[in-house]
Amino acid sequence: MELKGRVVVVTGGTRGVGAGIARSFLAAGARVVVCARRPPAEPVGAAGRQADFTALDLRDPDAVRKFFAEVAERYGRLDCLVNNAGGTPYRLLDEGEAERHARVVDLNLVAPLTASLAAHPWLRAARGSVVMIGSVSGTRPSPGTAAYGAAKAGLENLARSMAVEWAPDVRVNSLVLGMVRTELSHLHYGDEAGVAAVGATVPLGRLAEPSDVGEAAVFLASDRAAYVSGASLLVHGGGERPAFLDAATVNKES
């Protein structure tokens, strides 16, 4: 219970990766507030405790500022903000106008900036931290999700700059995620056979679970990472085996 007494906000914390992050913080003893546009089908809980939920559209700056002021008033402090909310549909660039792709950037880059700025006064008072949930899509080509990849690349750079500007009072780090198994995995990888086949391409032999991401987020928010700021922690199971190794006709393993 190393985070007992700490207050944590997890955006998009009602399902998938966000719910996994919230559960890990609950298990570590923190008081957790999750926010999303819609409430979860059932409360997010772990270790006999539940996260509090607030309905919030992160693309509404006034509502975001009001939300963080209310969190600080209700709980008396704010120790960590996990900017997890995001996502994108599969859409090739020429299948949508720039304005449609810009909405993806708004959700995945502008909204975390808005939330971080709104939370900053209370994070500074608590000498807390921000954890950005990034993606390998921001470090490699992202066909079909190009605007998402561009936003995640920007988010990682934003975190590094924020870590410098807000030091020494607030630490800022990123988790750079690979593929994670969630209730929406079928939309990206297909049926169970597809999920298994995709998992087999990862050096560790499986997709990440939301709890894998949650444990990494807890580490970055904890005193064990007291000297870690401006860092990008890869949570991708070893990455991707280079395709040329399988295409080559030499140096094959027997």
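Modeller: Serine 222 sits in the loop between α7 and β9. Keep in mind that this is a predicted model. Serine 222 has a relative accessible area of 1%, so with the cut-off for buried at under 20%, serine 222 counts as buried. Setting aside neighbours within four places in sequence, serine 222 is in contact with Glu2, Leu3 and Arg171.

Alanine 231 is found in that loop between α7 and β9 too. Its relative accessible area is 28%, which makes alanine 231 partly exposed. If you skip residues up to four places away in sequence, alanine 231 touches Val172, Asn173 and Ser174. For a sense of distance, the C-alpha atoms of alanine 231 and arginine 206 are separated by 25 Å, and these residues are 25 apart along the chain.

Those contacts lead us to β8, which spans residues 171-177. The strand is mostly covered, with seven of its seven residues buried. Arg171, Asn173, Leu175 and Leu177 point one way from β8, while Val172, Ser174 and Val176 point the other way. So what does β8 pair with? On one hand there is β9, which runs parallel to β8 and is joined to it by four bridges; valine 176, for instance, has leucine 234 in β9 as its bridge partner. On the other hand there is β7, also parallel to β8, with seven bridges between them. There, valine 130 stands opposite valine 172 in β8.

Zooming out, these strands belong to an open sheet of seven, in the order β5-β2-β1-β6-β7-β8-β9, with parallel pairing. The edge strands are β5 (52-55) and β9 (232-235), each pairing on one side only. On average, and ignoring direction, neighbouring strands in this sheet are turned by 20° against each other.

Now for the helices on the sheet. α3 packs on it, touching β6 (80-83) and β7 (129-135), and its direction makes about 175° with that of β6. α7 (residues 210-221) packs on the sheet as well, touching β6, β7, β8 and β9, with its direction at about 165° to that of β8.

α7 also has a helix partner. Helix α1 (residues 16-27) packs with α7 at an angle of about 50°, their axes 7 Å apart. That angle makes α1 oblique to α7, and the crossing of the two is right-handed. On the α1 side the contact includes Gly16, Val17, Gly20 and Phe25, and on the α7 side it includes Pro210, Val213, Glu215 and Ala221. The residues of this contact divide into eight nonpolar, five polar and one charged.

α3 has its own partner in α2. Helix α2 (residues 61-75) and helix α3 (residues 98-126) pack at about 30°, with axes 9 Å apart, which makes α2 roughly parallel to α3. Their crossing is right-handed. Pro61, Val64, Arg65, Phe68, Ala69 and Ala72 in α2 meet Thr114, Ala115, Ala118, Ala119 and Trp122 in α3.

Methods: Residues are numbered from 1 along each chain as its sequence is written. This is a predicted model: local features need pLDDT of at least 70, side-chain atom pairs count only at pLDDT 80 or more; totals for chains, interfaces and linings use all residues. Side-chain values use heavy atoms; hydrogens and water are left out. Axes are lines fitted to C-alpha atoms, for helices over the stretch in contact, and angles run from 0 to 180 degrees between N-to-C directions. Angles under 35 degrees count as roughly parallel, over 145 as roughly antiparallel, 65 to 115 as roughly perpendicular and the rest as oblique. A crossing is left-handed if the near helix is turned anticlockwise from the far one by less than a right angle, and right-handed if clockwise. Contact means heavy atoms within 4.5 Å. Two strands pair if DSSP finds at least two bridges between them. Buried means under 20% relative accessible area, exposed over 50%, partly exposed in between (1.4 Å probe, protein chains only). Ala, Val, Leu, Ile, Met, Phe, Trp, Tyr, Cys and Pro count as nonpolar, Asp, Glu, Lys and Arg as charged, and the others, Gly among them, as polar.
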